[in-house]
Amino acid sequence: MGRPAPVTIEVDGRPVAAHPGESLATALLAAGERAVGTTRGGARRAPYCNMGICFECVVTVDDLPCQRSCLVRVRADMRVRTAAPR
């Protein structure tokens with residue numbers, strides 16, 4: 001089974017290679033992004049259930065806030081903002 005050629009997406013201002021059609025959470029994890037935000041108490045949040053139930057993987061995609069990255073499919077030139085401190 002083959003994969004489509006990678007495309008470039010922007011994550012917090014930096015280019016990241018990802019494969020079209022894979023979940024954004026998968027692309028973020030494969031790129032080494034382990035945290036996409038923090039809890040109110042400051043603990044790091046990362047994708048957890050990978051099926052849209054837990055909301056731990058929420059990011060902003062193309063200026064649309066509160067997108068569950070495990071349910072968003074990668075497409076070329078998407079802009080992603082995490083809430084993870086850098």
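Where is the place of Asp12? Asp12 lies in the loop between β1 and β2, strands being DSSP runs of E of at least two residues and helices runs of H or I of at least four, numbered from the N terminus. The model is predicted, and local features need pLDDT of at least 70, side-chain atom pairs count only at pLDDT 80 or more, and totals for chains, interfaces and linings use all residues. Residues are numbered from 1 along each chain as its sequence is written, and side-chain values use heavy atoms, with hydrogens and water left out.

Asp12 is partly exposed, at a relative accessible area of 28% (buried is under 20%, exposed over 50%, partly exposed in between; 1.4 Å probe, protein chains only). The C-alpha atoms of Asp12 and Glu33 are 11 Å apart, with 21 residues separating the two along the chain.

Five strands make up an open sheet of mixed pairing, in the order β2-β1-β7-β5-β6; two strands pair if DSSP finds at least two bridges between them. Because β2 and β6 (64-68) stand at the edges with a single partner strand each, one side of each has no neighbour in the sheet. Strands β1 (residues 7-11) and β7 (residues 79-81) pair in the parallel sense over two bridges, and Val11 stands opposite Val80 in β7.

Glu22 is placed in the loop between β2 (14-18) and α1 (24-30). Leaving aside neighbours within four places in sequence, Glu22 is in contact (heavy atoms within 4.5 Å) with Arg3, Ala27, Val72, Arg73 and Val74.
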